[in-house]
Each structure stands twice: as structure tokens, then as C-alpha cells.
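Please go through the structure below one region at a time.

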Amino acid sequence: MSLTIPSPTAAATPSAEPRTYQVRTFGCQMNVHDSERMAGLLEEAGYVAAEGEVADVVVFNTCAVRENADNKLYGNLGQLRQVKEANPGMQIAVGGCLAQKDRETIVKKAPWVDAVFGTHNVGALPALLNRARHNNEAQLEILESLDVFPSTLPTKRDSVYAGWVSISVGCNNTCTFCIVPSLRGKEKDRRPGEILAEIQALVDDGAVEVTLLGQNVNSYGVEFGDRQAFSKLLRACGEIEGLERVRFTSPHPAAFTDDVIDAMAETHNAMPQLHMPLQSGSDKVLKDMRRSYRSSKFLGILDKVRERIPHAAITTDIIVGFPGETEEDFQATLDVVEKSRFASAFTFQYSKRPGTPAADLPEQLPKAVVQERYERLTVLQDRIAAEENAKQLGRKVEVLVTAQSGRKAGETHRLSGRSKDQRLVHFSVPAGAGTPRPGDFVTVTITEAAAFHLVADPATAEDYLLRRSRAGDAWDRSQADSCGVPAAGSASGKTGVALGMPALPVRRA
């Protein structure tokens, strides 16, 4: 589907200066991955990243999983209307899942938008912007099937020390609450050689961690008929020299098999962390959701993982207030959460999405009931998270230092990073010890625990071990290239650059 819609915005006279861009990302890790491709495409086309000033091009990469995604997009577009009016020649583009869903509705609601593109044609972004500017007309192009696999597109990665690597796109499941299959399409798998080549290229550039991405990573291989393709891929990652940490998200409990658990346990760089979506602890609700597993199978998977990987941190997704959920159903969810001992959880209130089977189910629950159950669930999960984190007190952990710091970093002077099990650790550098760069590793002893983070305050330099890494060197090079800060081998003098690292937030309302 390709439509051209008149735009009220006058075309700007081309400037001699490079046009600047900003990509704003909403939603899941797959969207973060796609945004890196959008940035790469724009830079290949001659755009440069905006630094503080109003960008010439603002791209929204949208999510459609929850109702507030719509509100967030149109609210942001409304805020930019006056900015655009004050800056002739500015362009606004909307891509991602909400663009795939809403299509021409976006231009009708926000006629100041210049380009709309979907999940299947990310590579069209520069051409659509050029056409919109040349023709003085908004460009809408939505394809119904994948044009080019996003991972083959140019990339500007958010992080030099860690990266997302997509192994598949789309999903073959039919969960009644989920709109993703209709927006991302059926599962398409990349060949293992292509994936491993991308990982090797990342490592060659200095990365020490990768996160394998897919809507359902453990169904990887369905296209080429290998049921153990994902476990084989994990083991192959273990053969890549210099790759220190491998993670993946997200698996599906129904297809999660023992060979994957074995590969996690036996592959030296597979991290002791697993994100396993529960969604509900009620077998009745799971059936209504068309989740083809039951609570006993889910708990059995966790038991097997912990038997092979005793210190594994397990995280999850939970939906509260699915249509028809009774108090008894909700109590079953609380019971499974208590037994599961999740390190953290994404907890969501059910959001009715037009076009999904669940939107037409009877017994849609009142908002007040959903809110009250949601609050009970988060209180329970926060308690469990605090208890599980308390077990980390006194443990020595190796932390991969990140570019982000905690909210109170200015007061505490602590740096931040992620342990092997993906827990967030804020740590201080003792007097006389070396300061790590993002991408370096420190080994510290946990001295304080809260529900959502750990703290390590070494008393002496002997309690603190710094290991400089290729990734830290790559960080220095990236900073020197972008803003002339110290070159490789020295401590970074720049702290305000927010380069991301694959991470799972604790929970979201």
C-alpha cells in the first residue's frame, strides 16, 4: 500500500548545512533495534544527529501494544506542531507498529506529519523524506510484508560496548491480547551464518555483550526446519572470542525446551538471566489468552532452569485485568508470582486493542477493579524483588559499567552497571583506585540492597577490582571521534552522552 497525501507545509529551500535528525523510540527492544537502523539510514543519507538544537527531521518509532501508545504519539505530535511552524523546512516522520496500524489516520489527525512508514519498510525512510520535501506532499507508504530484513540495513548503534542482534521478526502465535502478529507479520528467521557474522562484526568493533532479539526467540528455526536451532545458536555464540556476555529476549514458555536450558548452563558467556513471560497464573485466563501452556508447566521450567543455573535471575511479564479474570483467577497469579520469586517484572494493566480477539470478549473489567489488583500485584512483586536482592548482600559480582548513572549520582558520586544476572548495581570507586570507562568491568562486593537496585561501596582499593576492556577502549575512541575527548586507554572525560545498553526495566505501570 502506497499513498500520497497533500501536505500543508511548504517545501524548504535546501540548506548547505547537513540536515540534523532525532529518532524518538517508544516500545520494546525490537523498536530500539529498528531505531538504530533508522539512524543508520539517515546518516548514510547525509544527515547528522542533532545535539540539543531543534532537529530538521524528527522520527517517531512507535509502539501499538497498549492504548496509551496512541495518546503518547498524538500528544508528542501536537507539541511539535508549533515547533515546526516556527522552523520552516522541519520534517516529521512516524514509523513502527502504530504507523502500521493507524496508517492514513496519522496524517488525518496530524496533517503536519511529512512521512508515515510501517514495520515492513524501515529502509524507505530517507526516500519518503526526500519525496515529501520535493513534492511538498505528505508521503504514506505501508507494506503488507517484509521488504528488507532490518538487520541488513545501515546501523548507528546506541552503544559501543553492547548491541542488539535480531535473529527473527514477526510471530506465529495467536495470543488474543496481542496486536504484534498483525503488525509485524509471520515469523521470518535469519540464517545462523548471517547472525554470527553480525555478532562477530560487533565484537570486532569493541562490543563485549549482545542480546539476541525475537518476538519468540525459542521458535527460531521454524523456517528452515531445525527445532534446536536456537540452542545451537547460543552454543555458537560461545565460540566467538571476545564476546563475554550473551543474553536473549523473549522466549515463550510453550516452546521453551530443555536443550535451551542445557545450552545456557554449558555456554560460558550465556548469562545467568532469563526473561520468561508469565502473563497470568490462572489456567483459565491462560486458555482465554490462547497461551498454550499452564501454570504448572511454567513453574516446571523455572525449576529446571534453577537446577542447572542456581543463581539465575528470572524476570517476567504479567497482565492484570484480562477480560473475565475473577478474583480467584487473580489470586492464582499472586500464588504463581510468590512461587516464582521473580527478580523483577513488567506488570501491565490489560489494555483493550481494537483488532485483537480479546477486545471483543465479554466481561471487560471495570478500571477500578483492574487498578486495585494491579496495586496488590506490584506490592507483592516489590517485596519479592527486595527479598531476592537482599540475598545478594556480601556477594562479589562482576559489573559491566554503563554510560548511564543513577538519579542520585550527583550526590553519591557512584557509577552504574549491570551484573551478569542483569541486576542494576550502583558502585563507588575507592580513593586511589582507577576510574572505569563505560565498557570496562569492575568486581565489587554488594553492601546494600533495595527492591530495584544493588549498591557496592568498597571500603578500600583492595575491595575493588578494575578490568579495562576492549569495549572501554572503543568507548574512548567513540568519544574522541565525536567530541575530542581523551583517546583510547585513558579515562573518559565525557559523562553526558546517554548511550544505551540492553536492559530490562524493573516494571512499568
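**Helix H2 and the rest of the model**

In H2, the buried residues are Ala-69, Asp-70, Leu-73, Tyr-74, Asn-76, Leu-77, Leu-80 and Lys-84. The model is a predicted one. An α-helix has 3.6 residues a turn, so residues three or four places apart point the same way.

Helix H2 spans residues 67–86, 20 residues in total. From first to last C-alpha H2 reaches 31 Å, close to the 28 Å expected at 1.5 Å a residue.

Next comes a sheet of three strands. This sheet is open, with the order S8-S11-S12 and parallel pairing. Its edges are S8 (162–166) and S12 (245–249); each has a single partner strand, so one side of each is left without a neighbour in the sheet. On average, neighbouring strands here are turned by 25 degrees against each other, direction ignored. Strand S11 covers residues 209–213 and is joined to S8 by five bridges, the two running parallel. Within this pairing, Ala-162 has Glu-209 of S11 as its bridge partner.

Two helices lie across strands of this sheet. Helix H1 (residues 29–44) lies across S8, S11 and S12, at about 100 degrees to S8. Helix H7 (residues 192–204) lies across S8 and S11, and its angle to S8 is about 170 degrees.

In soluble globular proteins, nonpolar side chains tend to be buried together. The largest nonpolar core of this model has 50 residues. Those with the most contacts inside this core are Ile-199, Leu-212, Phe-230, Leu-234, Phe-248, Phe-256 and Val-305. Leaving aside neighbours within four places in sequence, Phe-230 is in contact with Ile-167, Leu-212, Val-217, Asn-218, Tyr-220, Phe-248 and Val-260. Another core, of 27 residues, lies apart from the largest one and includes Phe-26, Ala-55, Ala-64 and Val-94.

Strand S19 (residues 441–445) runs antiparallel to S22, and three bridges join the two. Here Phe-441 stands opposite Arg-467 in S22.

Key:
Residues numbered from 1 in each chain as written. Predicted model: local features only at pLDDT ≥ 70, side-chain atom pairs only at ≥ 80, totals over all residues. Heavy atoms only, no water. Pairing = 2+ DSSP bridges. Helix = DSSP H or I, 4+ residues; strand = E, 2+ residues; numbered from the N terminus. Axes fitted to C-alpha atoms, helices over the stretch in contact; angles between N-to-C directions. Contact = heavy atoms within 4.5 Å. Core = buried A, V, L, I, M, F, W, Y, C linked by side-chain atoms within 4.5 Å. Buried < 20%, exposed > 50% of the residue type's maximum accessible area, 1.4 Å probe, protein only. Expected span 1.5 Å × (residues − 1).
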